[in-house]
Amino acid sequence: MDTRFRGKKDRRARAAVGWWYRLLPPRVRAIKRPEVAVTGFIACFFILFYLINLTYDFESVVREYLGYVRFAGAILVLLLIYIKLDRFPLWIGYLGALTELVAFGYFVGLSSDFEQIAFRLQEFPLITLYLAWLFGPRLVRGTIYPVLAGTLYLAYFYGPQSGMALHSGRLNVLSLLLLTIGASVIGSYVKARFHYQSEVDELTGAVNRRGLQLRGELLLASFQRSRRPLAAALLDMDKFKAINDEGGHEAGDRALKALVAHLEASTRRNDLVARLGGDEFVILFPNTTRTQAQLLMARVEGSSSQAWSFGVAQARKDDNLSTMILRADRDMYASKRDRAAREG
């Protein structure tokens, strides 16, 4: 199995990004998770902003110190992305966005620094869009809306006389609310559509090869660090060619859809069902030993209306996703040989 899962669509997507993509270091171009890439772009934006901001005259030593801290924080995020690549923990990006939201609350709600107020009002929808694209809707709503409501409350009832209460007006407040809600909705929608188009098999609804690579490597790294078991099962349908020959490709498509529906209904919530291609599928079983995965697969196979064969492997310390699936593939063919020998 190709460890990088790079096809024509991936090459077209990279070419469509622009000429500047080729200027990035090879290590940066190796990033496959779009969430990490977007976090890197946001960090670059804030590095430039903080650098410009450091040229201003600060009203106090504390503000100047905080300006340097935030500048260093953005650089640190970028360095971590360069070091960790796809393994960069996204909760760091969330904490960074939360820091910007606190700054928004202070400057818009309690400050009379008009330059900072103007920037924060423009920045808020961008942060909302970023959070909505990376994190779940509940977390975003539980973060963005309380900050926005609290800031507006502070501005109108406790802000300085020269602050937002007198100069922004109701129209600007309404625009801010609409832009924030719009950014939240658009970010969540784009995230859902991108996930479906890039990581979900269009025919069956199972995770596709790209999604398996992205999620599988993260699962493998996580369970290797925690020293908990991770098992993988590889399966393919018996006599799938005969189904296509007798009923046509529509019959084959129906069989694949029915198989995925059965696999997803019969496995656990945290198990990952993925389609490699054709009639081959992979199931990842977190926190599961090889013996437990074999028992699970035997139960799922016994309740299936279709015939298929499977093999199981457990992750080893030096494994990557491809080597683990390769052992499951060998186990499947060993089971097929044993069954053929018994039936023959």
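Me: In which element is the place of Asp236?
Reply: This is a predicted model, where local features need pLDDT of at least 70, side-chain atom pairs count only at pLDDT 80 or more, and totals for chains, interfaces and linings use all residues. Residues are numbered from 1 along each chain as its sequence is written, and side-chain values use heavy atoms, with hydrogens and water left out. Helices (H or I, at least four residues) and strands (E, at least two) are DSSP runs, numbered from the N terminus. Asp236 sits in strand β1.

Me: Is Asp236 buried or exposed?
Reply: Buried means under 20% relative accessible area, exposed means over 50%, and partly exposed lies in between (1.4 Å probe, protein chains only). Accessible areas come from the Shrake-Rupley method with a 1.4 Å probe, and for residues only the protein chains shown count as cover. Asp236 has a relative accessible area of 6%, so this residue is buried.

Me: Which residues is Asp236 in contact with, leaving aside its neighbours within four places in sequence?
Reply: Contact means heavy atoms within 4.5 Å. With those neighbours set aside, the list for Asp236 is Asp279, Glu280, Trp308, Ser309, Met332, Tyr333 and Lys336.

Me: How far apart in space are Asp236 and Leu276, C-alpha to C-alpha?
Reply: Along the sequence, Asp236 and Leu276 are 40 residues apart. In space, their C-alpha atoms are separated by 9.9 Å.

Me: Which residue meets the side chain of Asp236 in a salt bridge?
Reply: A salt bridge is a side-chain nitrogen of Lys or Arg within 4 Å of a carboxyl oxygen of Asp or Glu. Here the N to O distance is 3.1 Å. The pair links distant parts of the chain, 100 residues apart: Asp236 is in strand β1 (residues 230-237), and its partner is in helix α13 (residues 321-343). That partner is Lys336.

Me: What is the N to O distance between Asp271 and Arg268?
Reply: Asp271 is buried, at 10% relative accessibility. Arg268 is partly exposed, with a relative accessible area of 37%. Their side chains meet in a salt bridge of 3.0 Å.

Me: How many salt bridges does the count come to?
Reply: Lys336 with Asp236 is one of them. By this rule the count comes to 8.

Me: What length is expected for helix α12 (residues 290-302)?
Reply: The expected span of a helix is 1.5 Å times one less than its number of residues. Helix α12 has 13 residues. From first C-alpha to last, α12 reaches 18 Å, close to the expected 18 Å.

Me: Why do the buried residues of α12 lie on the same side?
Reply: The buried residues are Ala293, Leu296, Met297 and Val300. The arc is that of the directions from the helix axis to the C-beta atoms. These residues lie on the same side of α12 because they cover an arc of only 95°.

Me: Which exposed residues are on the face of α12 turned away from its buried side?
Reply: On the buried side, the cover includes β1, α11 (240-266), β3 (280-286) and β4 (308-314). The face turned away carries Thr291, Leu295 and Gly302.

Me: Which helix gives the largest share of the nonpolar patch?
Reply: Patches are made of residues with over 30% relative accessible area and no salt bridge: like charges are joined within 9 Å, nonpolar side chains (Val, Leu, Ile, Met, Phe, Trp, Tyr) within 5 Å. Tyr106, Leu110, Tyr153, Tyr156, Phe157 and Tyr158 form the nonpolar patch, with about 670 Å² of accessible area together. Two elements give two or more residues: α5 (90-110) and α7 (137-157). The largest share, 3 residues, comes from α7.

Me: Is Leu110 buried, partly exposed or exposed?
Reply: Leu110 is found in helix α5. Its relative accessibility is 39%, so Leu110 counts as partly exposed.

Me: What share of the residues in the protein chain is buried?
Reply: The chain has 13 helices and 4 strands. Of its 344 residues, the buried share is 43%.
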